[in-house]
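Hello,

Here is the structure I promised to hand over. Please open it first, then read my notes below.

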Amino acid sequence: MAVLELKQVKKTFGSGHKEIEAMKVTDFSADRGELIAIIGPSGSGKSTFLTIVGGLLTPTSGAVIINDKNLADLNEKERSKIRLKEIGFILQASNLIPFLTVANQLKLLDQVKKDNMTKKQLEELYEDLGIGDLRTKYPADLSGGERQRVAIAKALYSNPSIILADEPTASLDSDRAYEVMELLKNETKNKNTTTIVVTHDIRLVGYCDKVYKMTDGVLVQEK
Amino acid sequence: MFLALNEIKKNKLRFTLIIGVLMLVSYLVFFLSGLATGLENLNRESVDKWKATAIILTEESDKSMYQSSLAIEDVNEIDAEEIAVIGQINAVAGNGDSKTNVSIFGINKDEFIMPKVTEGEVFVDDNEVIASDALKEDGFKVGDELHLSSSGEVLKIVGFTDNARFNAAPVLYGDLATFHRVKFGEAAEANKESINGIVVRADELTAITKNDSLESIEIETFIRNLPGYTEQNLTLNFMIYFLFGISAVIVAIFLYVLTVQKISMFGVMKAQGISNSYLSRSVIAQTFILAAIGVAVGFVLTLITAAFLPSAVPVAFDLVTMLIYGLVLIVVAILGAVFSVLTIVRIDPLKAIGG
């Protein structure tokens, strides 16, 4: 059964002759264990797609269903809870909290999420992402690749069903970018999550099970 | 609390500066409150010492003991549990080495306003007085003969008592006859029935006297009408309340600037599903920690300063008042943080992640 479904979802901004159709009527679904890429040029509607899926933007019409819950039926507080429990975000510049050590970045999630990880699970997460030695370091002391690995660890914390990654390799060189994609692929398969990567870097599509292209608000499956 | 403590730990200098500002504000508030209490005591401590309910003065005196003139026989028209007569005059007293303003109280030593002697003896003979121990700091001692500016009488200090200042002047307690001689000189005998007021302890003040020319004034009202007392208190209290407002604004500005710098971070956290209430509680907790440390350091600094102040500085620290002011400072600091909380609530996570 699909973890994520978009049914006839459309998003427009403005009204009348100033109306802009950022995302045309779209149907989409993703299953567990799938790594999906959404590619397309800047302004094509990729970010609109990602924010709608993440429950941060309300579609003009249609339904976004995450694990059988229609986001349109939920209020902001409930959507926030869905984001916390069901979705892990990886953002462009990693966006780690500058005054928390790597260990405390995860400890914060431990505080705000109720379904906490066991010590063993946490150790596995550190090991899988190769960040065990970085626990006492602050984000400013990490390289771009290390920061992104910590951001992935945060996104994977307590096994959310969906990982949404917005240009996760944008600030990395090619080697680091491939390393991060390899990591995302492995974690998607090992933890049986659904990972959606929004990117304009077509070199990364080789890692993905499905590839969609967004052009002028129209989403078309390419692979 | 987790976020708050970790941020403080990481950015020690930044938060030390905020604590420093709060410390200085609380130091100033505590010091002003000490000054206010000290100046209040200068005016009222001898009156507080009576533990009286009211004072009876003439209606035309406008609540001023100095302007009130009664006869001892007026006591017969007073219905109260305890009654004490008092005569009062201001003078400048000198012992040859130093001079100081004093307030001379003429009293009957068997009545309840008679103070306890802390050093020396009770007055027995003519012109013997018990002096406020504040005079000791000016070099006065038991046995000193006091020459008065407005009288040819010479008074002799036979003892000291504590907490005995009236309207900022140390009090000399003597018997009524001594008071009459100082006030009326050669006409003392003719005015031996003259007093300034009658101090009473009574449960009920409304029916205390039927004499229309007399007015019973509650002690607190009497004190508030001492020359300059209310004006001085209002000025100092206004400064203290103003400082409360200033500290709220300072904290609000500091935290608002810090919050604005972290809008993107808060936005990402909100996008990740961390609730407004968690982030708001974190800001409030941080403000509480900063304010509590600032106030505590200000408190300790005030006490250290007080220990080194010359005795001429009229400060008196009332721990209960300081505790209340400290709590008020923490509360207003937290109120100042409300602006930051509102900013956090209004952050759109979509904008923060560039959507």
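Start in strand 10 of chain A, where A:L219 is the bridge partner of A:M214. Strands here are DSSP runs of E with at least two residues, helices are runs of H or I with at least four, and both are numbered from the N terminus.

Some ground rules. This is a predicted model, in which local features need pLDDT of at least 70, side-chain atom pairs count only at pLDDT 80 or more, and totals for chains, interfaces and linings use all residues. Residues are numbered from 1 along each chain as its sequence is written, while chains are lettered from A and ligands numbered from 1 in the order in which they are written.

**The sheet in chain A**

Strand 9 (residues 210-215) and strand 10 of chain A run antiparallel, joined by four bridges. Two strands pair if DSSP finds at least two bridges between them. Strands of a sheet pair through backbone hydrogen bonds, either parallel or antiparallel. The open sheet has six strands, in the order 6-7-8-3-9-10, with mixed pairing. Its edge strands are strand 6 (87-90) and strand 10 (218-221), and each pairs on one side only. On average, neighbouring strands of this sheet are turned by 20° against each other, direction ignored. Axes for such angles are lines fitted to C-alpha atoms, for helices over the stretch in contact, and angles run from 0 to 180 degrees between N-to-C directions.

**One residue to look up**

Find A:T12 in strand 1 (residues 4-13) of chain A. Why is A:T12 called partly exposed? Because 15 other C-beta atoms lie within 10 Å. The cut-offs are 20 or more for buried, 12 or fewer for exposed, and partly exposed in between, with C-beta atoms placed from the backbone. Leaving aside neighbours within four places in sequence, A:T12 is in contact with A:E19, A:I20, A:E21, A:A22 and A:T60. Contact means C-beta atoms, placed from the backbone, within 7 Å.

**Where the chains meet**

The contact takes 20 residues from chain A and 19 residues from chain B. On the chain A side, helix 1 (46-53), helix 2 (76-86) and helix 3 (102-112) each give two or more residues. The predictor gives the complex an ipTM of 0.84 and a pTM of 0.79.

**Chain B**

Chain B is assigned domain 1 (2-43 + 230-352) and domain 2 (54-204). Such bounds come from an automatic or database domain assignment. The centres of these domains, taken over C-alpha atoms, are separated by 47 Å.

Best wishes

Definitions and conventions: Two residues are in contact if their C-beta atoms, placed from the backbone, lie within 7 Å.
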